[in-house]
Amino acid sequence: MLTLEEACLDTTPRLAAISDRLAPGELLGVIGPNGAGKSTLISLLSGYRAPSRGRVLFDGVALADHDPAALARRRALVAQAEAPAFDWRVSEFLGLGGGTSDGIARAIHALELEAFEARGIGGLSGGERQRVMIARALCQLDALEGDGTLTRLLLLDEPNSALDIGHQQRLMRLLQRLVRERGLGVVCVLHDLNLAATYCDRLWLLRDGARVASGTPREVFANGGIAEVFDVELEISLCDERPRLRLRQ
């Protein structure tokens with residue numbers, strides 16, 4: 001699906017070269033402290049920034065060589081903060097993604113937006129608006145309606161930042177289900193390390209614009225670099241299949 005071949009950014013902010021591959025049906029979490037380069041990485045993976053050197057390929061073709069309209073049906077990005085230019089009603093805004101009416105209805109249900117369907121986006125809370133943005137991305141990809149045969153990529157930059165704990169859990173469960181049942185590829189920037197450990201198949205740990213660790217959550221947390229990268233005192237439990245972290249008092 002998505003392949004990086006020594007892809008890097010020499011501009012500011014800088015991103016050191018990365019080579020790796022995201023497969024369909026995989027949920028990749030990107031973690032790291034503030035300023036580590038997580039949003040910069042997402043902009044590179046989405047094609048909004050071209051690599052200074054190396055390549056980013058989507059299904060074997062460089063992102064820049066894809067037809068923009070066709071690529072938009074297969075790759076969607078939800079940025080950290082996105083302010084719509086107009087106070088669209090939620091149902092109208094979701095329709096801008098180009099999904100089917102059934103797909104829009106499924107997205108409204110999946111993101112629990114029924115109560116806001118006729119309201120303007122401008123009157124929603126930050127968390128409500130964030131859920132609308134995620135729903136629009138799913139509509140854009142037709143992720144809730146498609147049969148899973150089309151390669152599709154969803155990029156999320158801190159999707160949980162404005163959500164309460166219940167909506168965070170339900171969103172991560174939804175992403176996990178779409179990955180497993182429909183073969184969606186998801187790259188998700190997360191600040192909550194326990195959420196990353198619980199739901200992600202793999203993690204990339206960034207620091208100062210470079211990837212310093214990658215692997216399963218257990219592999220990344222077991223190497224001892226988490227506390228150093230975040231400059232925090234942690235207790236990490238590796239007794240269960242999924243690691244658990246707790247701040248040391």
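Let's start inside the protein: Ala110, Leu111, Glu112, Arg131, Ile134, Leu163, His167, Arg170 and Leu171 line its largest cavity. On a 1 Å grid over the protein atoms alone, a cavity is a set of points where a 1.4 Å probe fits but cannot get out, and a lining residue has an atom within 4 Å of a point. The largest cavity has a volume of about 60 Å³, where volume means the space filled by probe spheres set on the points, with grid points joined across faces, edges and corners. A search of the whole structure finds one cavity of 30 Å³ or more.

Before going on, a word about what you are looking at: this is a predicted model, in which local features need pLDDT of at least 70, side-chain atom pairs count only at pLDDT 80 or more, and totals for chains, interfaces and linings use all residues. Residues are numbered from 1 along each chain as its sequence is written, and side-chain values use heavy atoms, leaving out hydrogens and water.

Which helix gives the most to the lining of the largest cavity? Helix H6 does, with three residues, and both H5 and H6 (165-182) supply at least two. Helices (H or I, at least four residues) and strands (E, at least two) are DSSP runs, numbered from the N terminus. By class, this lining has five nonpolar, one polar and three charged residues. Here Ala, Val, Leu, Ile, Met, Phe, Trp, Tyr, Cys and Pro count as nonpolar, Asp, Glu, Lys and Arg as charged, and the others, Gly among them, as polar.

Now follow H5 (residues 126-141) to the strands: H5 lies across S6 and S7 (153-157) and runs at about 175° to S6. Contact here means heavy atoms within 4.5 Å, and angles run from 0 to 180 degrees between N-to-C directions, with axes fitted to C-alpha atoms, for helices over the stretch in contact. S6 and S7 belong to an open sheet of six strands with mixed pairing, in the order S6-S7-S8-S3-S9-S10; two strands pair if DSSP finds at least two bridges between them. Strands S6 (75-78) and S10 (210-215) stand at the edges with a single partner strand each, so one side of each has no neighbour in the sheet. On average, neighbouring strands of this sheet are turned by 15° against each other, direction ignored. Within the sheet, S3 (residues 27-31) and S9 (residues 202-207) run parallel and are joined by four bridges.

Next come the pockets. A pocket is an open set of points with protein on both sides within 12 Å along at least five of seven lines. Of the 16 residues that line the largest pocket, Gly47, Ala50, Ala62, Leu63 and Ala64 are the closest to its centre. Strand S4 (53-58) provides the largest share of this lining, three residues, and the lining divides into nine nonpolar, four polar and three charged residues.

The second largest pocket has about 160 Å³ of space. Its lining includes His191, Phe230 and Arg246, and strand S12 gives the most, with three residues.

Finally, step back to the whole chain, which has nine helices and twelve strands. Its radius of gyration, 18 Å, is close to the 18 Å that the globule rule gives for 249 residues, so the chain is as compact as a globular protein of that length. The radius is taken over C-alpha atoms, and the rule is 2.2 Å times the number of residues to the power 0.38. Along its principal axes, the C-alpha trace spans about 50 × 45 × 35 Å.
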